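Here's a short tour of how one protein model packs together. Have a look at the picture, then read on.

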Amino acid sequence: MGARDRPQPGDRCRVSDEGIEERLEAPDRTDEEVGRRDEAREIRVALDELPAEQSHVIELAYYGGFSHSEIATMLDTPIGTVKGRMRLGLQKMRSQLGPRQVFS
């Protein structure tokens with residue numbers, strides 16, 4: 001970018017309709033973000049209350065994106081054990097949080 005391309009003092013910036021619209025919708029997006037953060041905090045608390053083996057496989061699957069078989073290999077654990085831990089952990093979370101807030 002050359003010196004001529006740079007904005008100069010006194011140059012007027014044109015405000016687009018899109019920019020105004022984004023500013024007008026900000027409170028709605030802020031409320032949504034607060035809701036997402038509250039939900040994430042509740043999920044984190046529920047995960048922290050699980051036994052370590054259960055929370056670990058759930059975190060690997062949902063936050064790490066690993067499959068059951070990949071988790072079984074990483075943990076050197078039978079796949080049935082991994083699936084069982086995941087099932088039990090998710091059941092406990094559902095009972096604490098309700099079905100709408102637990103990973104689908």
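Let's say two residues are in contact when they have heavy atoms within 4.5 Å. Keep in mind that this is a predicted model. Leaving aside neighbours within four places in sequence, Leu47 is in contact with Ser55, Ile58, Glu59, Tyr63 and Met93.

Leu47 also turns up in the largest nonpolar core, which has 15 residues. Leu47, Val57, Ile58, Ile71, Met86 and Met93 are the ones with the most contacts inside this core.

In general, nonpolar side chains tend to be buried together in soluble globular proteins.

So how do helix 2 and helix 4 sit against each other? Their axes come within 8 Å and cross at roughly 95°. An angle from 65 to 115 degrees counts as roughly perpendicular, so that is what we call helix 2 and helix 4. On the helix 2 side, the residues that meet helix 4 include Val57, Ile58 and Ala61; among their partners in helix 4 are Met86, Leu90 and Met93. By class, this contact has nine nonpolar, two polar and three charged residues.

Now zoom in on helix 4. Its buried residues are Val82, Gly84, Met86, Gly89, Leu90, Met93 and Leu97. Just after helix 4, Gly98 takes a positive phi of about 95°.

Technical notes
Residues are numbered from 1 along each chain as its sequence is written. This is a predicted model: local features need pLDDT of at least 70, side-chain atom pairs count only at pLDDT 80 or more; totals for chains, interfaces and linings use all residues. Side-chain values use heavy atoms; hydrogens and water are left out. A nonpolar core is a set of buried Ala, Val, Leu, Ile, Met, Phe, Trp, Tyr and Cys residues joined through side-chain atoms within 4.5 Å. Buried means under 20% relative accessible area, exposed over 50%, partly exposed in between (1.4 Å probe, protein chains only). Axes are lines fitted to C-alpha atoms, for helices over the stretch in contact, and angles run from 0 to 180 degrees between N-to-C directions. Helices (H or I, at least four residues) and strands (E, at least two) are DSSP runs, numbered from the N terminus. Angles under 35 degrees count as roughly parallel, over 145 as roughly antiparallel, 65 to 115 as roughly perpendicular and the rest as oblique. Ala, Val, Leu, Ile, Met, Phe, Trp, Tyr, Cys and Pro count as nonpolar, Asp, Glu, Lys and Arg as charged, and the others, Gly among them, as polar.
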